[in-house]
Amino acid sequence: MAFIVVSGALSACGTEGSPVLEEESALESSEAPLLGTVTCLLGTTTISFSPPITNEPRDTTVSGSGTLTNCVAVLADPVISGTTGFAPALRRNYTCDSLLGISGGSVTVTWNTGETSQLSLTQVVVQGGTTTRTTQQIGTVVSGKYAGATAVRTLVFVVADLENACASPEGLAQYTSTQTLVLTLIP
């Protein structure tokens with residue numbers, strides 16, 4: 001008998017469209033997240049040069065592709081991984097030193113969901129060590145998933161790999177570095 005009384009009391013607490021439920025919906029929408037992040041802390045990227053670059057200036061076509069894994073979205077549309085890439089681009093009078101300079105470019109991220117984000121980035125050198133070098137590319141997501149978010153892409157590579165290849169007669173045909181990506185969304 002107690003079950004029937006409790007059941008009747010619960011059904012009397014509210015029905016669809018009742019003022020109590022409408023107030024809860026209004027409260028939820030007023031507390032919508034104001035900030036979100038997407039962080040991909042594991043990844044690699046390979047940058048290729050055709051013809052290979054050296055310490056002497058030459059025209060070369062630069063292209064790149066890579067992966068991002070272990071992505072975590074907080075208060076943002078979820079993703080878990082992605083691929084990165086940029087279309088081949090001709091660079092005039094390019095040298096190995098050009099790799100470390102301030103430069104701009106765009107990178108496309110294709111997420112595991114099939115959606116893409118087009119990033120416009122400017123590279124700045126963050127830390128120049130003797131064994132590894134870290135560069136950061138800072139910019140925004142100009143279109144696609146997470147459009148309007150700020151973007152920080154960090155690349156870390158081994159200095160000796162670049163120096164040895166750049167000093168060789170063959171030159172540097174490609175190099176691989178780790179990469180991370182952090183997007184910050186501010187609606």
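Biologist: Which strands are included in what covers the buried residues of α3?

Modeller: In this predicted model, the cover over the buried residues of α3 includes β6 (132–144), β7 (150–158) and β8 (172–185).

Biologist: Which residues of α3 are buried, and how should I read their spacing along the helix?

Modeller: The general idea is that an α-helix has 3.6 residues a turn, so residues three or four places apart point the same way. Here the buried residues of α3 are Val159, Leu162, Ala165 and Cys166. Seen down the helix axis, these buried residues fall within an arc of 150°, so they line one face of α3.

Biologist: Which exposed residues does the face turned away from the buried side of α3 carry?

Modeller: That face carries Asp161, Asn164 and Ala167, which are exposed.

Biologist: How many disulfides does a search of the whole structure find, and what is the pairing when the bonded cysteines are numbered in sequence order?

Modeller: The search finds two disulfides, and the pairing in sequence order is 1-2, 3-4. Besides the link of Cys96 and Cys166, there is a disulfide between Cys40 and Cys71, whose sulfur atoms are 2.1 Å apart. With 115° about the S-S bond, the link of Cys40 and Cys71 is right-handed. Cys40 lies in strand β1 (residues 36–53) and Cys71 in strand β2 (residues 58–74), so this pair ties together parts that are 31 residues apart in sequence. Cys40 and Cys71 are each buried.

Biologist: Turning to strand β7, is Thr154 buried or exposed, and which side chain does it join through a polar contact?

Modeller: Thr154, which is placed in strand β7, counts as buried because its relative accessibility is 16%, under the 20% cut-off. Its side chain is joined to that of Gln136 by a polar contact of 3.3 Å. Leaving aside residues up to four places away in sequence, Thr154 touches Thr134, Thr135, Gln136, Thr178, Gln179 and Thr180.

Technical notes
Residues are numbered from 1 along each chain as its sequence is written. This is a predicted model: local features need pLDDT of at least 70, side-chain atom pairs count only at pLDDT 80 or more; totals for chains, interfaces and linings use all residues. Side-chain values use heavy atoms; hydrogens and water are left out. A disulfide is a pair of cysteine sulfur atoms within 2.5 Å. Helices (H or I, at least four residues) and strands (E, at least two) are DSSP runs, numbered from the N terminus. Buried means under 20% relative accessible area, exposed over 50%, partly exposed in between (1.4 Å probe, protein chains only). The arc is that of the directions from the helix axis to the C-beta atoms. Contact means heavy atoms within 4.5 Å. A polar contact is a pair of N or O atoms within 3.5 Å; within protein, one must be able to donate a hydrogen and the other to accept it, and residues adjacent in sequence count only if both atoms are side-chain atoms.
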